[in-house]
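Here are a few exercises to work through with the coordinates open. Try each task before you read the solution under it.

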Amino acid sequence: MDLPWNDPRSQKFVTTIGLITTEGTDGPNIMTCKWTHHISYNPGLIAISLGLKKATVKNIRNTKEFGINLCSIDQLVLSIIAGENSGSNYDKIGASKELGFEFYRANKIKALMVKGASLNIECKLFQEITFGDYIMFIGEAIDATHNPEKQPLVYHDGKYWSLEPIIKPKLQERESIQKVIEKHKRIKENQ
Ligand SMILES: Cc1cc2nc3c(=O)[nH]c(=O)nc-3n(C[C@H](O)[C@H](O)[C@H](O)COP(=O)(O)O)c2cc1C
């Protein structure tokens, strides 16, 4: 079966907002990518899934590198600029700068990086795999910095959200939960 983007079942997922920066023949570009996931610690690998026709796909194939910038809650407008227009037709970086957003030169790649993002990771292309109607680019982190004071923007149900912590159960409650878990321990024959 299909799970289209606007299906309420697809929209149940909760994601961060990746702002993918690349360099291309049309100039620097930025696109919004909710399918941005950390998939390995050692080495640090991040997967991004992109529709076949995105200008960003062409740029990554040409340069074999990209920047991942996790959008912070005060950068919602940047997500709209980067996610609702294509770099094939618009200089989204130029428009973003005019609207007050700032960029900086990456340390190890040619793409610009987003100033004030929650997390910035410079990646070199590790692998490209096509899954269904999307292409997954896996990037290996070669430089990474984070802004502890910047909360990541969240996306769910077609809307933007901010995070609120929920307190974990206290020690006493955890101990009683663990007692129940212990009652259900599997007994292995050779133990
Ligand atoms: C909130 C949001 C999330 C998005 N997530 C993705 C995504 O995960 N993958 C994707 O290919 N496009 C995603 N898009 C759409 C692209 O950002 C959009 O098609 C953009 O114009 C592509 O830019 P480009 O052609 O310059 O690469 C998203 C858009 C928005 C607004």
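This is a predicted model: local features need pLDDT of at least 70, side-chain atom pairs count only at pLDDT 80 or more; totals for chains, interfaces and linings use all residues.

**Exercise 1. How many positive and negative side chains does the protein chain have, and how far apart do the centres of the two sets lie?**

Step 1: set the counting rule, with Lys and Arg as positive, Asp and Glu as negative, and His and the chain ends not counted. Step 2: place each charge at NZ of Lys, CZ of Arg, CG of Asp or CD of Glu. Step 3: the tally comes to 25 positive and 22 negative side chains, with the two centres 5 Å apart.

Residues are numbered from 1 along each chain as its sequence is written, and side-chain values use heavy atoms, leaving out hydrogens and water.

**Exercise 2. Describe the overall make-up of the protein chain.**

Step 1: Step 2: along its principal axes, the C-alpha trace spans about 65 × 35 × 35 Å. Step 3: call a residue buried under 20% relative accessible area, exposed over 50% and partly exposed in between (1.4 Å probe, protein chains only). Buried residues then account for 37% of the 191.

**Exercise 3. Which residues of helix H1 are buried, and what covers them?**

Step 1: H1 runs over residues 55–63, and its buried residues are Ala 55, Thr 56, Val 57, Asn 59 and Ile 60. Step 2: look for contacts, meaning heavy atoms within 4.5 Å. The cover includes strands S2 (18–24), S3 (27–33), S5 (45–51), S6 (65–70), S9 (119–131) and S10 (134–146). Step 3: check the backbone just past H1, where Lys 64 has a positive phi of about 60°.

**Exercise 4. Is Met 113 buried or exposed?**

Step 1: find Met 113 in strand S8 (residues 112–114). Step 2: its relative accessibility is 0%, so Met 113 counts as buried. Step 3: list its partners, skipping residues up to four places away in sequence; among them are Thr 21, Gly 67, Ile 68, Phe 103, Tyr 104 and Ile 121. Step 4: take one C-alpha to C-alpha distance, from Met 113 to Phe 66, and you get 9.4 Å across 47 residues of sequence.

Notes:
Helices (H or I, at least four residues) and strands (E, at least two) are DSSP runs, numbered from the N terminus.
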